[in-house]
Amino acid sequence: MKASYIPTTWKAPISLALCLFLACSSNETGTDNEAVWLSPVAEKHTGYGVFMFRNTFDLTDTPKKLELRISADNRYKLYVNGAQIGLGPARGDLGNWYYETYDITEHLVTGTNVVATEVMNFGSNRPLAQITNRTGLWAEAQDQAFSFLTTGSGHWKVAANEAYTPLPFGPSLFGKYYVCGPGDQVDLQKYPADWMKASYDDKNWSQPHKISLSDNDSAWHLIPRDIPFMAEKEEKIDRVVRIEGMETPVTQGDTGEDLVIPSQSSVSILYDAEQLTVGYPRLNYTLGNGSEIKITYAESLFGEDEDKGNRNIIENKKIIGYYDLLKPDGNKNGSFEPLWLRTFRYVQLDITTSDEELVLQDFTNRFHAYPLTLDAAFQSSDSRYDPFMSVGWRTLQLCSGETYFDCPYYEQLQYIGDTRVQALITLYLSKDDQLVRKAIRQFHRTLLPEGLTHSRHPAYRKQVIPGFSMYWVSMLYDYLMLRDDPAFVGQYQDAMDSVLNYFTEFIDEKNMLGNLAHGDTVGGGLPEYWYFTDWSRRFYRGMPQGVYDNHSSVITLHYANTLLQAAKIAGHFGNEKRAQGYRDRARKIIQGTISSCFDEKRGLIAQTPDKKLFSQHSNILAILTDAFPAEQQKEIMDKILNDRSLIQCSMYFRFYLFEALKKLDMDDEIPPLLNFWHEALAQGLTTFPEKEGNTRSDCHAWNSSPLYIFLSSFAGVESMEPGFKSVRVTPGMPNMDELSASVPHPWGEITVDLRKGNEDIRGQVTLPDNTTGIFEYEGLKIDLKSGVNQIGLH
């Protein structure tokens, strides 16, 4: 039997039978019980605002199960009887706007209940990843007996929370590109305490306005959330490392006591979380009427000339970062949590008190990230790599939210170039590939009429990087090879073809991509489409030479490599004609690049046909595409590694250098190239940074690439055919006597356990069911079968 309900507008006692009768009757009223979008105000609201929605009702019995679907624009936090049970929606776009489904049963009680939702619109200062239509709330009860919870029922109330005003930052935060939204300025004297609890009196609140279709030309197209809810855990932020402005400073470490800030004081308190983290920090306090608290968040501290240096050292350093401003109201149980994520290792509280002391009770963080599971392992006799897995994994975690992030502090944008690397790491390290699939879907949704995708999504400003559209094809290839899910990839074959066909009009008489300018000029007089390739110091705005006014060997060979991957995809699905067309096109432009750009004297491919400049990039891609004869490739790789006159790869593009070394079985050359990562650890970083030197971002998951290299190169585990149905194991083991590793597989896991001597190798390779493969090491070849395979070379 359904639980009975009594909306609080009905004060007389009602029997269960009558209650159910009324519920059934009300269903016949049509639109009154349909889920519609509600606006907090009559006009179309698109600016900044924080709004509180409540739906209060009485229950004589609690239901066995009650599910509520909910969405909002920009975002919501959902409460039931004062307990926060969810937040969202997962980021999407207007054509694919997500809703979440919550089972709220365990939070309901006999008597008065309230479902409350905080809806926030960050306005013009919203994160670049936040697409929006207008401020709104949508909710739908799955049980028609509780249709009063549906947003068309007329039982919702709303009020604006006047305590909030935005603190705009960006697009430049102290000279660094920043697009993650505003800080919060909160005046607690204006905050309606306990508004999300059933006991709160909302009699003066207003009825929200239904948004009619005629008013909503850019309507939200609702779809169910396609990823899990974020993982959350409480982290104590209790290590005080510096206090200024108090006569009796607190010593370093956790005192376990409240921190009392005297009246009429100006005090600065610096906390060290000891590792970079992301989430919703919460400050609990009492008293402090008339005080002001500035909460500044930073990945690291800055020394002279804003040099970060060793992240563990705080002496002679200051904090620079975005911040929140809080004005306590003297409440005995005050707390503050920001509206959106904060990323930090260091947090500084700058406090000014008035006539009342302020008591800081505790400071915590509700860690909030995608619930990735680490299902891989790597260990070797070379202890230098021991920290890599944990630091690299945390880097990936902090860059995995409702979408992949390029970085959690500055942008929180899902760029294809970054995501291709992040997704490949995910596929090698975790059985959970839901975020990978979501990324592929989201990029596909941006496909333009000319055939390219946007470079990043979701984002409300269009940006096109044609090379990133090629990386989307590479993501399809990676997923096809490493997951047994051909139907997912198969649905994108025509879109893949559209991407690849875009470039055909630029293949000219040299059989290269030439004069790639497209569209109107933008900032700096450059064409609209940006051919970013790498943050190499000798690339203008990340672009290789010859893109717009000549011919680029880098872009041409990147295109060739993508065509070869696409040919394998098309061939797998039986479209041999299309596959052969891709191979022929690749062969044509590879030969064109060799004819126009290969320099006989240097034995390398130049950036452009004038052969004035040479880079690692073009020659790496030439190896990956077999532009050079196989017998010459190792000699050319020696030049790539040792010729310092070449334009050098940044850490991002070094991923493709690692791929080329793996292809040539030159794994012994990889360890010297990992110095950047060793230096990051030596400098006290707890995640891997964006680039070498005094980097902007301390956390960039494209630089978690060594984790993939450990498994694919050092342990040598590679997929030989789509679906990971056969495996090639070619362990590199550079400077290692022992190695053990495991890699998740669609039907289990692959494990490698090897011991190497001067002239022999022994151990085991274990494959899951229905999987075969080959083991290769220094001339030894062993066929592998499902189960345990003994390895021995004497």
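User: At what angle do helix 7 and helix 8 pack?

Analyst: This is a predicted model, in which local features need pLDDT of at least 70, side-chain atom pairs count only at pLDDT 80 or more, and totals for chains, interfaces and linings use all residues. Residues are numbered from 1 along each chain as its sequence is written, and side-chain values use heavy atoms, with hydrogens and water left out. Helix 7 covers residues 493-502 and helix 8 covers residues 553-572, helices being DSSP runs of H or I with at least four residues, numbered from the N terminus. With axes (lines fitted to C-alpha atoms over the stretch in contact, with angles from 0 to 180 degrees between N-to-C directions) that lie 11 Å apart, the two helices pack at about 160 degrees.

User: Are helix 7 and helix 8 roughly parallel or roughly antiparallel to each other?

Analyst: Angles under 35 degrees count as roughly parallel, over 145 as roughly antiparallel, 65 to 115 as roughly perpendicular and the rest as oblique. The angle here is about 160 degrees. Helix 7 and helix 8 are therefore roughly antiparallel.

User: Which residues of helix 8 make the contact with helix 7?

Analyst: Contact means heavy atoms within 4.5 Å. Helix 7 contributes Gln-493, Met-496 and Leu-500. From helix 8 come Tyr-559, Thr-562, Leu-563, Ala-566, Ile-569 and Ala-570.

User: How do helix 3 and helix 14 lie to each other, parallel or oblique?

Analyst: The axes of helix 3 (residues 416-429) and helix 14 (residues 705-714) come within 9 Å and cross at roughly 45 degrees. That angle makes helix 3 oblique to helix 14.

User: Is Gln-434 buried or partly exposed?

Analyst: Gln-434 belongs to helix 4 (residues 434-444). Leaving out residues up to four places away in sequence, Gln-434 touches Asp-226, Ile-227, Pro-228 and Tyr-370. Buried means under 20% relative accessible area, exposed over 50%, and partly exposed in between (1.4 Å probe, protein chains only). At a relative accessible area of 27%, Gln-434 is partly exposed.
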